Amino acid sequence: MAPSKTKTMPHKSNNHKRYLADDVTENASFTIDLNGSDGEGKALQTVNKSNDSDFEGSGSEDGDKDGEEEEEDSDAESAKINIEKKEKEKAILPKDAEEEELERLIFGDSAGFKEGLDNFSLSRTAGMYGDASDEEQDDDEDLENVADANLFFFDTGPEAAPAGSVAVTKADASEDEEDQPAWDDSDDERLVVSLASVPQLRKLRETAEDDMVNGKEYARRLRKQYERLYPAPEWAAHATGKAKKRRRTMDDDESGEESGSDMDVDDDDLSTQPLARLLKDADILSRNTARGPAKRRKLQAGTIDIQRLKDVSKAGPSAITSLSFHPTYPLLLSSGPSSTLSLHHVNPNPPNPNPLLTSLHIKRTPLTTTAFHPLASDSRIFLSARRRYFHVWNIATGQVEKVTRVYGHQHEQRTMEHFSLSPNGKYMALRGSSRKGGGVINILDTRTLQWATQVRIESRGGVADFAWWSNGNGMSIAGKNGEVTEWSVQEGVVGRWNDEGAVGTTVIALGGNSGRDDWIGGDRWVAIGSSSGVVNIYDRRAWSEGAEDEKLGANGGIPKAPKPLRALGNLTTPTSQLAFSPDGQILAMASRWKNNAMRLVHLPSATVFKNWPTEKTPLGRITAVAWGRPTEEEEREGSLAQVAVANESGHIRLWEVRA
């Protein structure tokens, strides 16, 4: 094959030349001769269109015919597929009468639309009481001839309980429909429950004579008891959309003090309810409050029979700094820096041991000291904090009174956090903040809450602590330098004596009975704690033996440097708590500066019980100790006393001492 004419163009690399045909059409095809020489191989050869058959197998006329036949075959196949698709499609059948009727009912038609326009009326009652059909009229005519006895019957309901034996359910007329139960059981009215015969249900009684109730009243009281013990949280009140109760605020505009003493009180809160209503579920109203002296049982030295009872409270928001038992009722008062005062019913029996009766919260007032009034006839609670005021809560009337100042002694009484009530209930002693001249204690009258008198001692560093005599006519005041002053309300300072080996006196306590009520209060034991942890115990009965001859002499017959009966060095950190049991046979001493730093001392031997507490006794850092008298029933069973111990975590644990 002769090569076609080409023209060359310079190549970009190595000066090679590119060859192009002179006459090249758009449909021209090229082929490369691989068998030729190098010169021939470097040229592109033009070929005719018929050469395309070399690649597709249709270079000859037979190939063209075959291509035409293949095109005809493909057209035929596509036609067959279209025919098959049309055959597979279902033919649309005409609508029958049933389908047309259904379509007319659903979508309507022009005739129905015109009929609706014709029958349209603006009257509200049109069609509401339209003409009834003939069948309905026939039914009405048939019912007119039926006797009334065959049409209706009277539902008499379940048999009612005998009159007067079951308490009637208290319906709340103002209760909303949303508060109504979703379902009522008709059998509840026939159910009769005795509250007095079951010990666990006595707390549901509202009066001492309350006994038989029906099922609905029983369910209502159970629900009320549960809501009282577990009040609805704040998030639940927001979730249900119930409005918050109206609150009244006792602000300082009424008392003339700063707004930090605001106190919020709910109108329906138990904390402001009278004492009878407050204690109605505690099963203690029916008990005899006039109790005589307990039968004296002597404890043996060495070991003590002590049993742990159910805890009064678990860990709280702050430490418990004050504990106090009610003089008559089995009630325990507790408070701390959380500004909340709690009142528990001391009843360690299941299923709900030591329930919380109520609590009182005072804004921004970290409580330091709280106490019941010593007399059973007075239902007031005194509470104070590191503030220039204190509160008096009368749980018999629900009123809370605020005392803002000691008139004429404001500069000496800048804080009222430390106070003590006399056992006879006549006086309230406030430790003054002024150290000028030694120390000051202001005495208030508990009836009028006005200043009555003042005690001033000569002691370097001021007053460390003080304790009332058991008859309430005087007190023993311990100065920080170790000097103790005996002071009488009528006579003033009776005498002074020094604590042996005193190193930073911290606390003082009185207990027992010396047998001479007319001489320095009649208390037998005096316990004084120091910053070194040593506790000195003095026996005043030994003083009284020689006091008759020396009563008219100097210092009122009190030795100026008496010898202690025993100096106890069981505590290695400063003594913070000293408390005698009601009968004076046990002294509890504790320190808050070390875990489990508490010991019980037997009197009159002045020896420490060696079997309690143990290493596993969960005491913690003790912040408050209080002794309580058991109930008459518990005393008959051998119970001698109850001791409550509180710590920094807010736990209040309870033990029972048996003899």
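A residue counts as buried when its relative accessible area is under 20%. Keep that cut-off in mind as we walk through this predicted model. Valine 463 has a relative accessible area of 9%, so it is buried. You can find valine 463 in strand E22, which covers residues 463–468. Leaving out residues up to four places away in sequence, valine 463 touches Arg431, Gly438, Gly439, Val440, Ile441, Ile457, Ile477, Ala478 and Lys480.

Now step back to the whole chain. It has 659 residues, and 39% of them are buried. Its secondary structure comes to 13 helices and 36 strands. Among contacts with a separation of 6 or more, 51% join residues 24 or more positions apart. The accessible surface of the chain is about 39,800 Å², and carbon and sulfur atoms account for 48% of that.

With that overview, let us visit some strands. In a regular strand, the side chains alternate between the two faces of the sheet. How many residues of strand E26 are buried? Six of the seven residues in E26 (residues 505–511) are, so this strand is largely enclosed by the rest of the structure. E26 pairs with strand E27 (residues 525–530) in the antiparallel sense, over six bridges. One place to look is threonine 505, whose bridge partner in E27 is serine 530. Further along, strand E34 (residues 622–628) is mostly covered, with seven of its seven residues buried. E34 forms an antiparallel pair with strand E35 (residues 639–647), again over six bridges. Here alanine 626 stands opposite alanine 644 in E35.

Loops can hold buried residues too, as threonine 573 shows. It sits in the loop between strand E29 (566–568) and strand E30 (577–580). Its relative accessible area is 15%, so threonine 573 is buried. Beyond its neighbours within four places in sequence, threonine 573 is in contact with Ser531, Ser532, Gly533, Ser591, Trp593 and Lys594. With one of them, serine 591, threonine 573 makes a side-chain polar contact of 2.6 Å.

Next come the charged residues. Side chains of opposite charge can pair when their charged atoms come close. The structure holds 19 salt bridges. One of them joins glutamate 101 and arginine 104, at 2.6 Å from N to O. Both residues lie in helix H4, three residues apart, which is about one turn of the helix.

Other salt bridges reach between separate elements. Arginine 592 and glutamate 648 meet in one, at 3.3 Å from N to O. Arginine 592 lies in the loop between strand E31 (586–590) and strand E32 (598–602), while glutamate 648 lies in the loop between E35 and strand E36 (652–658), so the pair ties together parts that are 56 residues apart in sequence. Arginine 592 is partly exposed at 26% relative accessible area, and glutamate 648 is partly exposed at 36%.

Finally, glutamate 206 forms a salt bridge with arginine 220, with their closest N and O atoms 3.3 Å apart. Glutamate 206 lies in the loop between strand E5 (192–194) and strand E6 (212–214), and arginine 220 lies in helix H8 (residues 215–229), so this pair links parts 14 residues apart in sequence.

Note on methods: Residues are numbered from 1 along each chain as its sequence is written. This is a predicted model: local features need pLDDT of at least 70, side-chain atom pairs count only at pLDDT 80 or more; totals for chains, interfaces and linings use all residues. Side-chain values use heavy atoms; hydrogens and water are left out. Helices (H or I, at least four residues) and strands (E, at least two) are DSSP runs, numbered from the N terminus. Buried means under 20% relative accessible area, exposed over 50%, partly exposed in between (1.4 Å probe, protein chains only). A polar contact is a pair of N or O atoms within 3.5 Å; within protein, one must be able to donate a hydrogen and the other to accept it, and residues adjacent in sequence count only if both atoms are side-chain atoms. Contact means heavy atoms within 4.5 Å. Two strands pair if DSSP finds at least two bridges between them. Accessible areas come from the Shrake-Rupley method with a 1.4 Å probe; for residues, only the protein chains shown count as cover. A salt bridge is a side-chain nitrogen of Lys or Arg within 4 Å of a carboxyl oxygen of Asp or Glu.
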